[in-house]
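Open the structure in a viewer and keep the sequence panel beside it. The stops below say what to select and what is there.

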Amino acid sequence: MSLYLPTSGTASWAVVASVLALAIGTMLPPARFVATAIVALFCGIGVVTANLNSYAERSAQLTDLEGAQQVTVRVVEIPRHYPHYTRFVAELIDGDEENSLPHGKLLLSWYGDRAKQVGLGQTWRFTVSLKRFKNYWNEGSRDYLAAMQRQNIIARGSVKTSELIANASNIRARLVRTFNALDSPHAGVLAALAIGVRELLSEQQRNQWQSAGLMHALAISGLHLSLVGWAGLILGRVGVSRLLPIISPGMALEQQSVQALSWLLALLIAAAYAWLADFSIATVRALIMFAVVVLHRLAAVHVTPAQLLLRTVALLLLVDPLALLDAGFWLSVTALFTILTTLWRWRHRPQSSKPLALLRLQCMFLLVMAPLSLHWFGGVSLVAPLTNLILLPVISLWLLPLTLIGTVAEISFAHQFADNLWYLATLPLSLAEPLLKVITQWSWSWWQPPIELPVYVLFLLLLLVLLPLSSRLLKLVLLTTLPLTLLAFYQSRTRGESLFVHVLDVGQAQAVVVERQGRAWLIDTGNSYGSGYSLAATVIEPFLQYRQLQLEGIWVSHSDRDHSGGLAYLKQHYSQVSRFGALTRQPCEQGMQGRWNDIQWQVLWPRRDHAITKSNDQSCVMVLQYKNFRLLLPGDIEFAAERKIAESLGFPAVDVLVAAHHGSKTSSGWLMLKQTRPSLILMSNGEHKGFNFPHRYTVSRFNHMQRPWFNSKDVGQMTVVSDGSRWRLRLPFAAKRQRRLYQTHD
């Protein structure tokens with residue numbers, strides 16, 4: 001866990017202001033508290049912005065350091081072994097004397113058989129080739145820069161030469177090796193609960209626990225750490241009050257001192273548990289929450305639960321301002337907020353049975369967490385209340401205690417005793433696993449909404465349930481929420497009638513998604529690399545899931561890897577989808593045409609009777625027409641192919657042109673531009689020093705025609721929306737991801 005303190009004077013004052021605002025707000029009446037909370041929120045945003053700018057500055061320092069570097073590092077996360085390489089995170093201990101690297105961590109890839117030797121806790125001397133991180137700006141794509149910033153990972157690189165300096169000798173590394181070698185199908189669950197390592201979980205286990213709404217139970221969260229702390233509190237009370245008089249008969253302590261020592265022991269044991277988890281972000285957050293409770297107890301300060309929650313949030317943001325970027329922070333705070341508001345709602349109700357009260361609470365969790373789950377994970381587990389009610393007590397009161405006692409035994413070299421305890425701990429899992437398997441197979445267990453409902457609408461609806469609002473405020477919220485909800489439904493309805501053409505940001509490659517009525521065609525599949533990394537998995541599939549699209553066809557313009565690289569992944573994961581073009585059984589040929597989802601399509605090129613030597617000129621050139629709207633997708637054809645098409649069939653006039661060959665100087669020539677007369681030109685390209693697309697000659701031609709053009713390198717994903725007669729361009733991530741709507745053309 002890294003401590004993110006502000007790096008500028010403005011950010012420092014923002015931290016002080018936000019913490020003071022929250023602290024003062026906890027002592028004020030509700031109306032004044034809201035005002036101070038708003039001040040704290042904006043101060044917090046300022047802190048995060050300052051830290052992100054600092055990270056960008058540190059990343060910029062790597063521009064001159066790209067290339068071979070000598071570094072000494074310590075492996076701080078479990079390496080992940082793939083067929084051809086190993087990937088791991090290492091903390092920078094020392095860098096090249098000539099080039100000073102910023103302090104932080106490196107995400108390294110190591111190719112070859114020797115990479116299998118790398119392990120947690122080892123110290124290595126590497127020669128590495130470093131690169132900066134890059135985001136792909138698309139709907140559904142992960143904010144990679146923010147994720148790396150959150151973990152203080154400053155660069156990625158590949159290992160060229162290596163020298164092992166020291167093997168791992170710490171307790172955590174030994175426990176990782178023990179769990180990895182454990183002959184149990186539940187070794188990953190034990191490792192997650194004992195030391196916070198979830199890398200040993202299989203993909204099937206992850207899917208099962210997520211569908212059942214139990215993934216939070218495999219993180220060392222506030223629940224687990226609190227249970228350990230309360231166990232330490234009981235142990236402290238027994239030890240101090242019962243054992244101390246036996247050890248020292250003449251020594252007596254007051255009740256207040258016994259309580260204080262017990263709470264300190266509880267905090268110490270909780271900190272030891274967090275240490276076993278290597279003080280991960282989630283564990284430190286849980287430890288801070290528990291520490292706030294302990295400090296209030298020790299100081300004998302009586303506060304309301306709401307005040308306790310707000311002071312905890314203030315301390316969390318003081319220690320880690322970037323927690324605002326972390327989904328776990330919002331989930332944890334929202335969970336505590338749900339408990340408090342639920343208790344407030346039910347304070348006047350007659351007391352019901354504990355199982356029923358717990359079921360009510362779980363249903364409230366489902367309701368309140370739904371917007372966050374939809375926003376971050378794309379779905380909601382509808383069976384979570386039931387599975388949590390049944391299995392969470394078993395995990396908390398049986399699995400967790402036996403796992404931790406076994407871990408202590410393993411640390412003490414009582415290996416057989418530890419194995420027996422772990423076996424007993426996992427017995428309930430053997431019984432629960434068939435249930436989880438069945439739940440995973442239910443199509444409705446992991447629910448994804450049929451329409452794209454904005455998260456803010458869901459939050460406004462929740463205000464009616466959670467907050468102690470007066471009748472006037474309730475009416476105001478209803479009046480505000482109803483129009484927004486109707487607008488969301490209207491947008492989802494109109495979305496079904498329109499054509500969407502998404503030119504995705506896939507770097508120096510191409511992938512275009514044609515969408516209508518929840519169905520999609522994919523034209524080109526992005527790049528893939530020898531390491532096994534594929535943009536089909538990291539960009540295209542998340543985009544389809546985010547837009548909730550059913551993929552019905554894949555077209556590959558030509559065989560170059562920047563257009564066909566993701567085909568292998570898509571074949572494996574979308575095996576029933578029809579495939580056309582290069583590297584398929586249905587290659588493109590001039591004259592092919594058809595109709596899909598009310599969209600007319602026609603292939604203009606290549607011709608079978610033409611001998612084509614260049615792979616670029618073998619590209620499939622396709623025209624799509626929806627009512628009066630036309631789009632041309634020319635692949636990577638160059639001047640020679642453009643001339644043959646222009647002189648034979650001729651190019652049709654189009655509204656939108658996806659520029660050929662990423663805007664190279666040998667494509668998008670005058671013949672094609674004069675015949676197509678596009679109103680808008682879009683280019684798919686990335687930051688590649690060898691190409692530097694779009695070329696200035698090509699841009700000069702576009703400018704001479706006085707046609708607007710955009711490229712994914714500058715604006716990210718580009719989406720054209722058309723009702724068949726008019727169209728508009730939407731750039732969701734232009735100008736720092738601020739949504740902008742460009743002019744509508746009749």
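Contact here means heavy atoms within 4.5 Å. This is a predicted model, in which local features need pLDDT of at least 70 and side-chain atom pairs count only at pLDDT 80 or more, while totals for chains, interfaces and linings use all residues. Residues are numbered from 1 along each chain as its sequence is written, and side-chain values use heavy atoms, with hydrogens and water left out.

Stop one: T86. Select T86, which is found in strand 3 (residues 85–94). Strands (E, at least two residues) and helices (H or I, at least four) are DSSP runs, numbered from the N terminus. Is T86 buried or exposed? T86 is buried, with a relative accessible area of 0%; buried means under 20%, exposed over 50% and partly exposed in between, with a 1.4 Å probe and protein chains only. Now show what surrounds T86: leaving out residues up to four places away in sequence, T86 touches P79, R80, H81, L108, S109, W110, A115, K116 and V118. With H81 there is a polar contact, side chain to side chain, at 2.9 Å. Such a contact is a pair of N or O atoms within 3.5 Å; within protein, one must be able to donate a hydrogen and the other to accept it, and residues adjacent in sequence count only if both atoms are side-chain atoms. Next pick G112: G112 and T86 are 26 residues apart in sequence, and their C-alpha atoms are 8.2 Å apart.

Stop two: T123. Move to T123 in strand 5 (residues 123–131). T123 has 12% relative accessibility and counts as buried. Setting aside neighbours within four places in sequence, the residues in contact with T123 are T72, V73, R74, I93, E163, L164, I165 and A166.

Stop three: helix 9 and helix 10. Colour helix 9 (residues 281–298) and helix 10 (residues 305–319), whose axes come within 9 Å and cross at roughly 130°. Axes are lines fitted to C-alpha atoms, for helices over the stretch in contact, and angles run from 0 to 180 degrees between N-to-C directions. Helix 9 and helix 10 are therefore oblique to each other; under 35 degrees counts as roughly parallel, over 145 as roughly antiparallel, 65 to 115 as roughly perpendicular and the rest as oblique. Which residues of helix 9 and helix 10 meet? R285, I288, M289, V292, V293 and H296 in helix 9 meet L308, R311, T312, L315, L316 and V319 in helix 10.

Stop four: helix 13 and helix 14. Show helix 13 (384–411) and helix 14 (415–441). The two pack at an angle of about 160°, with their axes 8 Å apart. That makes helix 13 roughly antiparallel to helix 14. Then select F413 in the loop between these helices. F413 is exposed, at a relative accessible area of 57%. Its phi is near 70°, a positive value in a residue other than glycine.

Most residues other than glycine have a negative phi, and most peptide bonds are trans. Select P606, in the loop between strand 15 (599–605) and strand 16 (621–626). A cis peptide bond joins W605 and P606, with omega about 15°. Finish at K627, in the loop between strand 16 and strand 17 (629–633). The phi of K627 is positive, near 55°, and K627 counts as exposed at 52% relative accessibility.
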